[in-house]
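Good morning, colleagues. I should like to take you through a few helices and the contacts between them.

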Amino acid sequence: MNTAIIRNVAVNISVQILTAIAGFILPPLIIAAYGSTQNGMVVSISQFIAYLTVMGSGISAASIAALVKPIYDNDKNKINSILAATQNFYSKSGLIFTFMILLLIFVYPFIIAGEDIDKPTAGLMVLVISFNGIIDFFVIGKYRALLVADRKYFIMGIFKIIALIINTTVSIILIENGNSLLFVKFISVFIFVLNNILVLIYVRKTYPFINLKTKFEKNTLEQRWDVMYHHFCGMVVANSPLILLTVLCSLKEVSIYSIYALIFFAVGQLIDTFFDGMQGFFGRFIAENNPEKLKKIYGKYETVYFSLIGIGYTCALIFTIPFMRIYTVNMTDANYIQPTLAALFAIVGVMSKIRNPSDMFVVSAGHFKQTKWRSVAEAVINIFASIFFVIKLGFTGVLLGAVCSFSYRTLDMIIYSSRHIVHNSLSATFAKIIVFGIWYCAGYFILSNFVISDIKNYFDFAKNALVSIVFLSVPILGYLFFVKFKL
């Protein structure tokens, strides 16, 4: 396997593991020290801000897609032109983002009116949490795009690992010593600003030829608006649950949902270590214009990725509730044991991840304009279905809304990528989905009924999880052993 791919994936795995660890350590401390309502406030503010960063996401994806070929050709003039255009668009979008943050500072306290949080604290929390987004727009965003396109995703990962360790340690100390949650978040933001400064220093030393004053044509990132459609719709689907719960339910329900989301987000992120940072690699394969090689690589990648989805979400479905019984033992101000929520999260997770290999090729090939209305349709289905089900069924309804939208979009993405980019066999993809589905359903039944013992502590949890992962990994280990897997 390509050394650069191994390096990117290895560092990304480390980042996701540390992110998951930090994510699981801090919420119980926050809830115990400040309550579920305060935790719900932080989570909901983060989701509102995530919506506002969609413009930057669109510019970044368009920039990565545009940079892949010039980097491959070592065309420094073209690289500078794209980066200059990227900076220009980031700066303009940053001004809009800053204005929207100022608006949110005044509006958000009224959205959560009736909760036990004073308005100045809520407004200041919005300002603090948004600061990294402002830095991203005006300083670091363009360089992140360059590193991803140049297959140096691992550099950002190394710096993030350092920041995660420092932030988690400092946050624990601050919480245990009785500091306010607002101050804890302020210090956390400051640490990640330092992380971005390290990225900036690295880029300046590694790419001394960069000249952001290079002239560029207006259509340099001509697909940026099409990309923005995709990212905005993606934000709607990913972040609307917590927004809707903030508006239609309570911050305590936001907190309950966020803890389950934390578990399944960690599972998804670990699976995506085989996905993140790969856009530059597959963009290069597409640039080589070798369809047979592309189909061969895609088939292998798809097989491994589907198996990781099965392993990850089967284990999540088995162990989420036993884990929650241990994890939330001191969270007594809300009911955190929700088996239905866990099952729905697992279903949504599988449905959302199955399409990722296809989605990545759409991004790598730059087919943003051709597919933007498909993304809009997904977002519309998600919003209307989620609102309907939340009103009828309560906070689990947002996941039923996601099931509705993914039922359409996942199938659509697989078909589009196969017909227009990879030109592979659809029957082979669906056969893999069926075979893996049967195996992992059988694995769930066997493990749940005959293998897993009572889980009373974290040691029992780790022991049973390890046994389950080994058992579920048999098919993919056999595939990797008998088939020469070489990119």
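**Helices and their contacts**

I begin with helix α6, residues 153–176. At 1.5 Å a residue, its 24 residues should span 34 Å, and the end C-alpha atoms lie 35 Å apart, which agrees. Please keep in mind throughout that this is a predicted model. Just after α6, glycine 178 adopts a positive phi of about 80 degrees.

Let us turn to helix α4, residues 76–111. Its 36 residues should span 52 Å at 1.5 Å a residue; the distance between the end C-alpha atoms is 49 Å, which agrees. Within α4 there is a kink of about 35 degrees at isoleucine 105, shortly before proline 109.

Tyrosine 108, also in helix α4, forms a link to helix α2 by pairing with phenylalanine 48, 60 residues away in the chain. How are the two rings arranged? Their centres are 5.7 Å apart and their planes stand at 75 degrees; since angles over 60 degrees count as edge-to-face, the pair is therefore edge-to-face. A search of the whole structure finds 18 aromatic pairs.

Helix α2, residues 36–52, also meets helix α5, residues 119–149: their axes come within 10 Å and cross at roughly 40 degrees. The crossing is right-handed. On the α2 side, the contact involves Met41, Val42, Ile45, Ser46, Ile49 and Leu52; on the α5 side, Ala122, Met125, Val126, Ile129, Ser130 and Phe137. Of the residues in this contact, ten are nonpolar, two are polar and none is charged.

Note on methods:
Residues numbered from 1 in each chain as written. Predicted model: local features only at pLDDT ≥ 70, side-chain atom pairs only at ≥ 80, totals over all residues. Heavy atoms only, no water. Helix = DSSP H or I, 4+ residues; strand = E, 2+ residues; numbered from the N terminus. Expected span 1.5 Å × (residues − 1). Bend = angle between axes of the 7 residues up to and from the residue. Axes fitted to C-alpha atoms, helices over the stretch in contact; angles between N-to-C directions. Left-handed = near helix turned anticlockwise from the far one by under 90°. Contact = heavy atoms within 4.5 Å. Nonpolar A, V, L, I, M, F, W, Y, C, P; charged D, E, K, R; others polar. Phe/Tyr/Trp six-rings, centres within 6.5 Å; stacked < 30°, edge-to-face > 60°.
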